[in-house]
Amino acid sequence: MRIGIVGSGLMGGKLGTIFAGAGHEVIFSYARGEQKLKRLAREAKGNARAGTPREAVQDADAVLLAVHWSRVDDVLNQAGDLSGKLIVTCSLPMNADNTALVIGHTNSGAEALAEKVPKARVVCAFNTVPSEVLFGVYEARRKEPRPNLVYCGDDGPSKEVAADLIRDVGADSDEAGR
Ligand SMILES: NC(=O)c1ccc[n+]([C@@H]2O[C@H](COP(=O)([O-])OP(=O)(O)OC[C@H]3O[C@@H](n4cnc5c(N)ncnc54)[C@H](OP(=O)(O)O)[C@@H]3O)[C@@H](O)[C@H]2O)c1
């Protein structure tokens, strides 16, 4: 597939690199400097290049939306027409300092995004909280080394399922509480 990466930070950079490595054609877009996009494209093994959000979206089979919630309007504006496109979004509706969800605790933001781009198909994925949010938890507990995957929430049975899945893929994990 041709995959347009819109937002090439931690999520977009990593996922775009994985997609390119898996044989997809990837266009990295939307960072504060073009050099970074070019570096990502160079370092990704496979068919990857840098472009504008409009170029990333044009002719894409799928678009990965990976910007902070506060940048969504700007990036959609730059991307242009998204009619009929499949948008995979990992942009969680969080406030500017990533300390709170701005729409609601059970809302992924997909519906709000779909209202902005009514003719696109929106899929929500990678919908975890940015890892930085949890750094304080580990500083407070003085845990060393940090696990590479943490999970949290209010629902006990769901957390048991999450723990099983994380163990199944061979990752270290820890429960971070609520
Ligand atoms: N990180 C996680 O663990 C994680 C997990 C799940 C979901 N999410 C969600 O995924 C989304 C992206 O997170 P992230 O961690 O990938 O964020 P990030 O690293 O900050 O990436 C955001 C991208 O947007 C670009 N950007 C920001 N402001 C810009 C501007 N004014 N002009 C042009 N480009 C601009 C950044 O440019 P630069 O590259 O130049 O900084 C970066 O490429 C967020 O909504 C977050 O909540 C993150």
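Modeller: Val117 touches Leu76, Leu82 and Ile87, leaving out residues up to four places away in sequence; contact here means heavy atoms within 4.5 Å. The model is predicted, so that local features need pLDDT of at least 70 and side-chain atom pairs count only at pLDDT 80 or more, while totals for chains, interfaces and linings use all residues. Residues are numbered from 1 along each chain as its sequence is written, and side-chain values use heavy atoms, without hydrogens or water.

Val117 belongs to the largest nonpolar core, of 19 residues, where Val6, Leu65, Leu82, Ile87, Leu113 and Val117 touch the most other members. Such a core is a set of buried Ala, Val, Leu, Ile, Met, Phe, Trp, Tyr and Cys residues joined through side-chain atoms within 4.5 Å. Buried means under 20% relative accessible area, exposed over 50%, and partly exposed in between, with a 1.4 Å probe and protein chains only. Two or more residues of this core come from each of α3 (53-57), β4 (62-65) and α4 (72-79). Helices (H or I, at least four residues) and strands (E, at least two) are DSSP runs numbered from the N terminus. The most, four residues, is given by α4. Another core, of 16 residues, lies apart from this one and includes Ile5, Phe28, Ala48 and Leu64.

Within α4, the buried residues are Val72, Val75, Leu76 and Ala79. Viewed down the axis of α4, they fall within an arc of 100°, so they line one face of the helix; the arc is taken from the directions from the helix axis to the C-beta atoms. Their cover includes β1 (2-6), α3, β4 and α5. Just after α4, Gly80 has a positive phi of about 85°.

The structure also holds one cavity of 30 Å³ or more. A cavity is a set of points on a 1 Å grid over the protein atoms alone where a 1.4 Å probe fits but cannot get out, and lining residues have an atom within 4 Å of a point. The largest cavity contains about 50 Å³, the volume being the space filled by probe spheres set on points joined across faces, edges and corners. Val6, Val57, Val63, Leu65, Val75, Leu76, Ala79, Leu82 and Ile87 line the largest cavity. Of its lining, α4 supplies the largest share, three residues.

Definitions and conventions:
On a 1 Å grid over the protein atoms alone, a cavity is a set of points where a 1.4 Å probe fits but cannot get out, and a pocket is an open set with protein on both sides within 12 Å along at least five of seven lines; lining residues have an atom within 4 Å of a point.
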